[in-house]
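Subject: Structure for you to look at

Hello,

Here is the structure I said I would pass on. Please open it and keep it in view while you read the notes below.

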Amino acid sequence: MKSLISIQNVSKAFGKHKALNNVSLEIEKGEIFALLGPNGAGKTTLISAICGLCRQSSGDITVNSFNTVTHYKDTRNQIGLVPQELPLDGFESVYNSCQFSRGLFGLKDNRNHIENILKALSLFDKRDEQIFGLSGGMKRRLLIAKALAHEPKILFLDEPTAGVDVSLRRDIWKLIEDQKKIGVTIILTTHYIEEAEQLADRVGIINSGEIILVKEKNSLMSEFSKKTTFIRLSKQLQDHSFVKKNKNISVVENGMALKLIGINSESNELQVLVNLLSQKGIGFTEINTVDNSLEDIFLDLVKAK
Ligand SMILES: Nc1ncnc2c1ncn2[C@@H]1O[C@H](COP(=O)(O)OP(=O)(O)O)[C@@H](O)[C@H]1O
Ligand SMILES: [Mg+2]
């Protein structure tokens with residue numbers, strides 16, 4: 001069966017600059033997909049192409065088998081978009097603004113639905129207030145409410161928690177999880193790695209307009225997660241020769257420590273190394289091991305490109 005969203009060989013050029021370079025990606029129904037990448041990687045451009053806000057230079061995108069260019073209305077109807085920027089009309093009231101968003105999709109007023117969204121986003125008490133009186137965090141919540149006003153089956157959130165405080169971030173995460181529970185497919189972009197780690201079923205990493213990796217989050221974490229071990233030495237290491245042979249070991253802290261990457265806990269590598277050091281009359285003052293986070297994995301991958 002075809003994926004819910006299918007992106008095939010999509011490129012987008014702005015003048016000579018290729019913002020997207022031959023991107024192919026499948027999004028499955030019901031998943032939370034996190035598109036991770038540094039600033040300028042092409043995240044917003046890719047979302048804009050799927051939502052039909054900009055047209056790709058080449059390649060095809062289908063949403064539920066409808067082509068986003070030839071069947072724009074059919075694809076757009078299914079999508080709610082929480083944009084990265086804040087395009088709001090300040091004089092409109094909160095309720096009316098949501099109602100307007102719903103109306104754009106030709107749907108009848110549904111006071112109950114909109115009030116429920118406003119309640120879930122703690123905006124119900126503000127429903128009759130004008131938008132320009134809202135705080136930044138409330139405006140961001142309103143963007144989410146507007147995106148949900150027409151009961152979309154697919155929700156895009158473009159950097160939903162950039163610049164928001166911790167408590168609002170938690171509220172937004174909860175809302176995303178609640179939407180998933182009612183069957184909504186969610187695609188979010190972020191350069192905030194903890195967000196992907198927290199929410200995503202699958203993670204795609206984009207850099208310089210190219211998708212460099214797509215993986216289940218859990219297998220990404222276990223496949224790439226490596227332990228890094230630091231051995232702090234009792235005196236400075238003068239002779240580096242035995243370390244140079246092993247690319248997973250490096251001398252750091254001006255010869256006062258060794259850094260070991262990916263030491264397998266079942267092997268005796270650590271013991272062998274400690275023995276070697278002791279033959280040279282060097283002891284250790286501390287050994288500590290840290291787990292690599294998704295952040296380390298991400299930085300390694302982007303650097304390797
Ligand atoms: N309308 C535009 N005109 C020209 N260049 C653009 C336009 N939109 C985006 N770009 C460029 O395309 C690249 C990708 O941008 P964008 O998709 O916004 O990245 P991201 O959302 O990952 O930060 C950037 O180099 C950006 O400067
Ligand atoms: Mg962006």
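Contacts between the two domains involve 11 residues of domain 1 and six residues of domain 2. Two residues are in contact if their C-beta atoms, placed from the backbone, lie within 7 Å. On the side of domain 1 that touches domain 2, the elements giving two or more residues are α7 (193-199), β9 (202-207), β10 (210-216) and α8 (217-224). Helices (H or I, at least four residues) and strands (E, at least two) are DSSP runs, numbered from the N terminus. The most residues on that side, three, come from α7. By class, that side has nine nonpolar residues, one polar and one charged. Here Ala, Val, Leu, Ile, Met, Phe, Trp, Tyr, Cys and Pro count as nonpolar, Asp, Glu, Lys and Arg as charged, and the others, Gly among them, as polar.

Domain 1 covers residues 5-223 and domain 2 covers 226-304, with bounds from an automatic or database domain assignment. Their centres, taken over C-alpha atoms, are separated by 42 Å.

This is a predicted model, in which local features need pLDDT of at least 70 and side-chain atom pairs count only at pLDDT 80 or more, while totals for chains, interfaces and linings use all residues. Residues are numbered from 1 along each chain as its sequence is written, and chains are lettered from A and ligands numbered from 1 in the order in which they are written.

**Around the ligand**

The residues surrounding ligand 1 are F14, H17, A19, G37, N39, G40, A41, G42, K43, T44 and T45; a residue is near a molecule if its C-beta atom, placed from the backbone, lies within 6 Å of it. The most, three residues, come from α1. The shell divides into three nonpolar residues, seven polar and one charged.

Helix α5 (residues 136-148) has 13 residues and spans 19 Å from its first C-alpha to its last, close to the 18 Å expected. The expected span is 1.5 Å times one less than the number of residues.

Its buried residues are R140, R141, L142, L143, I144, A145, K146, A147 and L148. A residue is buried if 20 or more other C-beta atoms lie within 10 Å of its own, exposed if 12 or fewer, and partly exposed in between. Among the elements covering them are β6 (79-82), α3 (94-103) and α6 (166-181).

The largest nonpolar core has 59 residues, of which A34, I50, I117, I144, A145 and F156 touch the most other members. The largest share of this core, six residues, comes from α5. Such a core is a set of buried Ala, Val, Leu, Ile, Met, Phe, Trp, Tyr and Cys residues joined through C-beta atoms within 7 Å.

Helix α10 (residues 269-279) is hardly covered, with one buried residue among its 11. L276 is found in α10 and counts as exposed because it has 12 C-beta neighbours inside 10 Å. After α10 comes G281, whose phi is positive, near 80 degrees.

**Two residues to check**

N22, in strand β2, is not a glycine but has a positive phi of about 55 degrees. E151, in the loop between α5 and β7, also has a positive phi, near 55 degrees, and is a residue other than glycine.

Regards
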